[in-house]
Amino acid sequence: MANAAPEAAQNWLVTVALLPVEDPASRMRVLRTLESLGAAVMREGAYLLPDSADNRRALDALAEYATKSGGVVHVLHVTASSAAQGDAFRSLFDRSARYEDLIKTVESLRVGFGQTDPSAISRVLHKQRRELESIAALDFFPAQARSRAQEALSGLEAEVKKLLFPTQSRAPLGPNETLLRRTWATRKPLWADRLACAWLIRRFIDPEATMVWLDKAEAPPAEAVSFAFDGAHFANSETRVSYEEMLVSLDLARNPALAKIGSIVHFLEVRGTPVPEAAGVQTLLQGALRRSPREAELLAEAEKTFDLLYDAYFEPAKR
C-alpha cells in the first residue's frame, strides 16, 4: 500500500546520523534502512522524511540500534517555516522520473507483440507491476505520473491477457482419434506451460510420444498433435492455460495432484491467484534452462521437478 502523506503536510522528521567509521556493517545497515524508508538526503548525515506515526516508530528504532552500535542518531521534529520551504521539501520526494521510466519500459513491450511469446511479455509485466508497487510504497505525495503509470500498466496487462487467452479456433481432433504413439509438437521457447504439457503427455497420455520443438511460424508435421500455441489442438482458452485445457479435454482434471500442478503452471505463465510453491518451481525451471543447451535436455530436467510435485501432491485412494 502506498505510504502517502497529507497533501498539505508541513511537519517533517529530520534525522541527523553520526555513524562509526570503524563499524561498516552497522553504518551500512543504518543507511540502507533510511533508504528503504524513502528518506531524502538533505546533506551528508542529514535525512528528511514526512512526519507520520509509522516513520516516527521506524526512526526511533533506528536511533536505538545506532546508539547500541556506537553511533548517534537524533530524530528532530520540525515544521516548514513557509509554504515555499514545504514545497521545496516535498520536491525531494518527487517520484515522477521513476514512473516515467516505468511507463517507457511498459510501452516498449508492445514491440514484441506478434514476435515474442505472450507469456514472456506477461512475466516482464509482472516485474513492472512489482516495481510500480515498490515506487508507490515510498510515494508520499502522489502526482499525475503515478496515475499514468498505473493506467499504462493496466492497459497493457489487459492487451496481453487477450493474447494469452485467444478466442480463435483450434485444430480439431477426430472423435475417435488415438493419442498413442504420436508425434506431439509445440513451439520454442519452452517454459512452464509447454514443459508441463510435455511432461503430462509422456507420463499420462502417450508414454511413447515423439516430441517436436518448432521454431517460430514453423508448421507442425502433418500428423502431429499440437499443443500450447495459437491454433494448436490443445491451446489456451479464455480462462485456462494449455496444460489445464489438456486436463479438462482428456478427463484428467479430476486428479487432484495434476490439478494442483495446473494452478502452479497457470500462475507461472499468466499470474492470477498466487500459489506458495510457484516461486520454488520457477527457480528450479530457471536452473533447468541454464544447464540445458537443448530442448530435450530441458524437458528431462523439468520432468524431475514435475515428478516430484506429483509425488508430493498425490493421495492414494483410501480403502
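**Close-up views of a predicted model**

**View 1. Helix 8 and helix 9 cross in this predicted model.** The axes of helix 8 (residues 242-249) and helix 9 (residues 256-270) come within 8 Å and cross at roughly 155 degrees. Angles over 145 degrees count as roughly antiparallel, and helix 8 and helix 9 are therefore roughly antiparallel to each other. Their crossing is left-handed.

**View 2. Here are the residues where helix 8 meets helix 9.** On the helix 8 side, look for Tyr243, Glu244 and Leu247. Their partners in helix 9 are Leu258, Ala259, Ile261, Gly262, Val265 and His266. Sorted by type, the residues of this contact are six nonpolar, two polar and one charged.

**View 3. The largest nonpolar core has 63 residues.** Which of them touch the most other members? They are Trp184, Leu200, Met211, Phe227, Tyr243, Ile261 and Phe306. Helix 7 (residues 192-205) supplies the largest share of this core, with nine residues. As general background, nonpolar side chains in soluble globular proteins tend to be buried together.

**View 4. Isoleucine 261 has contacts beyond its neighbours in sequence.** Setting aside residues within four places in sequence, isoleucine 261 is in contact with Trp199, Tyr243, Phe306, Leu309, Tyr310 and Tyr313. Two of these partners, Tyr243 and Phe306, are also among the core residues that touch the most other members.

**View 5. Serine 242 belongs to helix 8.** Is serine 242 buried or exposed? Its relative accessible area is 1%, and under 20% counts as buried, so serine 242 is buried. Not counting residues up to four places away in sequence, serine 242 touches Asp193, Cys197, Ala228, Phe234, Ala235 and Asn236.

**View 6. Tryptophan 213 lies in strand 6 (residues 210-214).** Tryptophan 213 is buried too, with a relative accessible area of 17%. Leaving out residues up to four places away in sequence, tryptophan 213 touches Thr186, Lys188, Leu190, Ala198, Glu218, Glu295, Ala296 and Leu299. To get your bearings, find histidine 233: tryptophan 213 and histidine 233 are 20 residues apart in sequence and 15 Å apart in space, C-alpha to C-alpha.

Note on methods: Residues are numbered from 1 along each chain as its sequence is written. This is a predicted model: local features need pLDDT of at least 70, side-chain atom pairs count only at pLDDT 80 or more; totals for chains, interfaces and linings use all residues. Side-chain values use heavy atoms; hydrogens and water are left out. Axes are lines fitted to C-alpha atoms, for helices over the stretch in contact, and angles run from 0 to 180 degrees between N-to-C directions. Helices (H or I, at least four residues) and strands (E, at least two) are DSSP runs, numbered from the N terminus. Angles under 35 degrees count as roughly parallel, over 145 as roughly antiparallel, 65 to 115 as roughly perpendicular and the rest as oblique. A crossing is left-handed if the near helix is turned anticlockwise from the far one by less than a right angle, and right-handed if clockwise. Contact means heavy atoms within 4.5 Å. Ala, Val, Leu, Ile, Met, Phe, Trp, Tyr, Cys and Pro count as nonpolar, Asp, Glu, Lys and Arg as charged, and the others, Gly among them, as polar. A nonpolar core is a set of buried Ala, Val, Leu, Ile, Met, Phe, Trp, Tyr and Cys residues joined through side-chain atoms within 4.5 Å. Buried means under 20% relative accessible area, exposed over 50%, partly exposed in between (1.4 Å probe, protein chains only).
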